[in-house]
Amino acid sequence: MKKKSLTINNLRMMGRNPLKEVGIKSYTIDTDVLLMHVLQIDKNTLLTNPNQTVDNDCSAKFMHLIKRRTKNTPIEYLTGKCEFMSLEFLVDSSTLIPRPDTEILVETILTAEKGESTRGLEIGIGSGCISISLEHYAKNISMHGVDINHQAVQVAGTNYKRVLGKKSPFIISDLFNNVPRGTLFDFIVSNPPYIETDEIERLECNVKDYEPRGALDGGIDGLDFYRKIAEQGKEYLGKRGRIYFEIGYNQARAVQEILANEGYVDTEILNDYADKNRAVKARRV
């Protein structure tokens with residue numbers, strides 16, 4: 001006997017209950033996002049066609065995603081995309097999920113780097129959201145970027161072509177190892193791993209169990225990559241070149257000290273939308 005097709009409304013109800021039972025507070029939104037993703041429809045179509053039937057393959061795919069979501073798989077990894085700076089980026093388990101707090105870093109650079117043609121280098125590109133957003137919103141900025149994770153470089157390259165329509169400027173590199181000596185940039189930007197090693201297991205399950213540990217672990221005190229980038233970056237910054245970091249809410253003073261010890265000046269701390277320290281900028285003498 002042929003299995004009866006379910007409707008959009010049936011699936012919305014079937015998706016919500018399992019998520020609600022495991023304590024996912026956003027169960028209604030998550031259900032709708034996953035169903036829209038599977039059916040490739042927008043919110044208006046979802047809400048105005050409750051009795052539209054859904055074929056069995058799509059129904060099964062949707063319920064499979066719901067099952068994965070009950071295990072705290074991030075919604076962005078289930079749909080394979082995330083919004084950042086009003087742009088859509090592809091993401092997967094090789095990349096951190098872009099977060100609104102990081103927009104502070106992008107906005108800081110957009111304000112500071114207005115005017116003349118400017119070359120920037122991003123260390124640890126992940127999905128490429130920082131570099132791509134900078135080029136999209138500032139035509140004077142030309143970005144290059146590196147990441148140690150080859151899959152992340154591929155994802156970022158795909159995003160670069162999707163958003164900007166150009167060949168990717170991103171390469172595989174452990175920090176500056178594959179950046180040619182003698183290459184100078186006007187600024188360096190990084191949202192490096194900055195979680196203390198012992199703190200990672202205390203993070204929420206959807207972060208520690210799914211997001212790439214290499215993009216989270218900043219060493220014993222969380223500051224390993226700030227030290228390395230600040231020290232090595234001087235060789236790749238032109239005169240009065242700038243450096244921009246995203247930081248943890250409690251790391252401003254420590255990162256300021258690292259930059260000062262490496263000879264950077266004019267350090268400034270920027271706060272996020274929750275009024276917590278979120279970014280640091282400085283310049284080379």
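Is Tyr236 buried or exposed? At 3% relative accessibility, Tyr236 counts as buried, where buried means under 20% relative accessible area, exposed over 50% and partly exposed in between, with a 1.4 Å probe and protein chains only. The model is a predicted one, in which local features need pLDDT of at least 70 and side-chain atom pairs count only at pLDDT 80 or more, while totals for chains, interfaces and linings use all residues. Residues are numbered from 1 along each chain as its sequence is written, and side-chain values use heavy atoms, with hydrogens and water left out.

Rings of Phe, Tyr and Trp (its six-membered ring) pair if their centres lie within 6.5 Å; planes under 30 degrees apart count as stacked, over 60 as edge-to-face and the rest as tilted. The count by this rule is 5 aromatic pairs. One of them is stacked: Phe176 with Tyr236, at 4.9 Å centre to centre and 10° between the planes. This pair links distant parts of the chain, 60 residues apart, with Phe176 in the loop between strands S7 (170–172) and S8 (185–190) and Tyr236 in the loop between helix H10 (224–233) and strand S9 (237–246). Helices (H or I, at least four residues) and strands (E, at least two) are DSSP runs, numbered from the N terminus. Phe176, at 3% relative accessibility, also counts as buried.

An edge-to-face pair is formed by Tyr226 and Phe245, with 5.0 Å centre to centre and 85° between the planes. Here Tyr226 belongs to helix H10 and Phe245 to strand S9, 19 residues apart. Tyr226 is buried at 0% relative accessibility, and Phe245 is buried at 1%.

The second largest pocket has a volume of about 360 Å³. On a 1 Å grid over the protein atoms alone, a pocket is an open set of points with protein on both sides within 12 Å along at least five of seven lines, and lining residues have an atom within 4 Å of a point. Its volume is the space filled by probe spheres set on the points, which are joined across faces, edges and corners. The lining of this pocket has 17 residues, with Val33, Thr79, Lys81, Cys82 and Glu83 nearest its centre. Helix H2 gives the most to this lining, with 5 residues.

Ser133 sits in helix H7 (residues 129–137) and is buried, at a relative accessible area of 0%. Beyond neighbours within four places in sequence, Ser133 is in contact (heavy atoms within 4.5 Å) with Phe84, Met85, Leu87, Phe89 and Val106.

Key. On a 1 Å grid over the protein atoms alone, a cavity is a set of points where a 1.4 Å probe fits but cannot get out, and a pocket is an open set with protein on both sides within 12 Å along at least five of seven lines; lining residues have an atom within 4 Å of a point.
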